[in-house]
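Here are my notes on this one, as numbered points. Have a look at the model first, then read on.

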Amino acid sequence: MADLDNHALYINRELSWLEFNERVLEEAFDKSNPIMERFKFLAITASNMDEFFMVRVAGVMEQFYAGKTTPDSSGLTPSVQLKKISERTHEMVAKQYNCLNRSLIPALSENGICFKKYEELDPNAKDFVKSYFDQTLFPILTPMAIDGARPFPLVYNKSLNLIVEIEGEEDRFAVIEVPTVTPRLIELPQTEDGKRSFMFSEDMIKHFAPKLFPGFKVVSVSAFRVTRNSDLEIDEDERHDLMVEIEQSIKKRKWGEPVRLEVEKGISKKSYSFLSDKIEVSPDYVYDISGILDLTAGFAIADIKGCEALCDEPMPPIAVKAFKDKKIFDTIKEKDVLVHHPYESFDCVVNFVKTAAKDPLVLAIKQTLYRVSGNSPIISALIQAAENGKQVTVLVELKARFDEENNINWARKLEKAGCHVVYGLVGLKTHCKLCMVVRKEPDGIHRYVHLGTGNYNDKTAKLYTDLGMFTAKEAYGADVSKLFNVLTGYSKSTDFQKIAAAPTGLRDMLIRSIKNETQNARQGLKAGISAKMNSLVDKGIIKALYEAASAGVEIRLVVRGICCLRPGVEGVSETIRVTSIVGRFLEHSRIYRFENGGSPSIWLSSADWMPRNLDRRVEAAFLVEDEDLKKEVSDILETTLNDTIKARVMLPDGTYRHTDRRGKAPIHSQMYFYDAAKAKNKPDPKPDRDPFIPITAVKKDKPKDE
């Protein structure tokens, strides 16, 4: 048996994440995607990279500066990780701008859209730009001079700024923050050739910067951007007010320690030296940018009005047929219902809460909220329910990263409306997706439950693939009630029937299930593991999978993002296959299937296989027992595993390649699921006549002529 603690068997999580972002970048290069969608993918890679630096790189830097030399499971110390991350990210930035400058911008120009510098404008456009600067930008801009009396200004995290070099006997510099209260991308008057031209606001400011410094000569103006450590440090001592602690930490996020400096290529040596002195970042984490600084601008480009022909064709979510003709509670009581987003509409989840809010028989609603939209219909329904006299209990996770402020605002509104709002357990994030409605019916109290793999967010539900299940079965209702009691009161109940909850039982369930497959394989029984998730990092789970593979268990995994397991290693993981799907929708559902000797157990969950999910969060996995639903989930998993269009196969070295399509039918799983949703929810054919109207009443004989 191989040494399963051998560092060579594990991939560093940060480097694995960078490989994921590389797969997203491939979609920006892919000419089979419409040009505006390619800009979106490029913007996603930039947004992903921002968060990666703010949280993950910042964390490794903190370890390094604290003197930590202990290697991770892959054998890399913090100092080695930082070196490898720097090398890989510089490669990726070069690819991003190669994609932008050599592929995307020329392709967009071919479609009649171009970006201009001031020098390229015709007289009419120059007049427009001058007027726009004078009337809109100039009144907003605040040049910040830097000298003995005026120190280097606070440069906010991710803000776009200009460093201005002023001529003089002594070096003089100023900083101008590019405003975010006005559009960054401004359309210019249409030219005679019919092309649409745009200019970035920072280019306007650069050209007219001398107007901000009358009496002085501007030598150079260059753009720069700072990324800061934004991982909140929150004191969760039970004696402290968690909301106050988080609010204070959010304010600190703007001026965390710098972790990355991006500067415009061609910046003057003096300006570069000055910035390097004032913003203390390792030279390894300074990036010379050859083009548009801050590629999240790609989102604005992709949203240019009138370019629908350059975007993906719309795929409006399909209404769920099961809820169309019957009352929602009657439908759920009759049979468990599975919904597959974004192919099937999230409206059924919203309507579940809305209906409960108005239903006079409903006594209580309990729900967990991790991330919600800015104008959430779910929260509006919960507020209405409280105003209608229902007992409404909402667990709002205040520590949802980068949604803390939004969630604090919602928590206050819910409390003001009369909802009971709780913030979870000390030291744990609540990440499970649960909603329970308690209804008093003629035959007694009934609980209706929705359990899901994704957030109660009506906006992301149109972009993320997730699964949800509605059920009125007593065992599920009892389990969810117990879990809510754990979250809101003092309870350590773990005797669940249909769910496995972290941090107390989910890891045990997974390890037990994997070991059961290992034992079955050794005994010659049917064995196999198929699973889909966002990330696979946990060493304990990986070791158990290696043991199962060594016993001959076939293991098929779909891991969208980070995967620290090495597939295909001789004698260890030869029976493990890992694929990743990056496509139009973000793969987000978690599915676990264990063959169990021929009687498969299928779980849906909010949890990835990561230490944080299994040990530091409240998560829930729930069994799918209805035979029709088990088949439906199995079909979803099999189709995903057999994707040949958007799937990439992971190699033992941690890199990925597209699946070998030779001899295989083309399967684009996301398009397949949309077609399947349309077929599943296709209206029943209308009868030739209304069956409730007597046939004699359908057609009356005309009176006979006399």
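1. Helices here are DSSP runs of H or I with at least four residues, numbered from the N terminus. Lys-630 sits in helix H17 (residues 627–641). This is a predicted model, where local features need pLDDT of at least 70, side-chain atom pairs count only at pLDDT 80 or more, and totals for chains, interfaces and linings use all residues. Residues are numbered from 1 along each chain as its sequence is written, and side-chain values use heavy atoms, with hydrogens and water left out.

2. Is Lys-630 buried or exposed? With a relative accessible area of 16%, Lys-630 is buried (under 20%; exposed is over 50%, partly exposed in between, with a 1.4 Å probe and protein chains only). Beyond its neighbours within four places in sequence, Lys-630 is in contact (heavy atoms within 4.5 Å) with Pro-600, Ile-602, Val-624 and Glu-625.

3. Now the cores, meaning sets of buried Ala, Val, Leu, Ile, Met, Phe, Trp, Tyr and Cys residues joined through side-chain atoms within 4.5 Å. The largest nonpolar core has 177 residues, and those touching the most other members include Met-36, Phe-224 and Trp-609. Helix H2 (residues 35–65) gives the most to this core, 13 residues. Another core, of 44 residues, lies apart from it; Phe-329 and Tyr-423 are among its members.

4. On cysteines: the count is 0 disulfides, taking a disulfide as a pair of cysteine sulfur atoms within 2.5 Å. The sulfur of Cys-311 is 6.8 Å from its closest cysteine sulfur, in Cys-307, so too far for a bond. Cys-348 is buried at 6% relative accessibility, and its sulfur is 12 Å from the closest one, in Cys-435, again too far for a bond.

Terms used. Helices (H or I, at least four residues) and strands (E, at least two) are DSSP runs, numbered from the N terminus.
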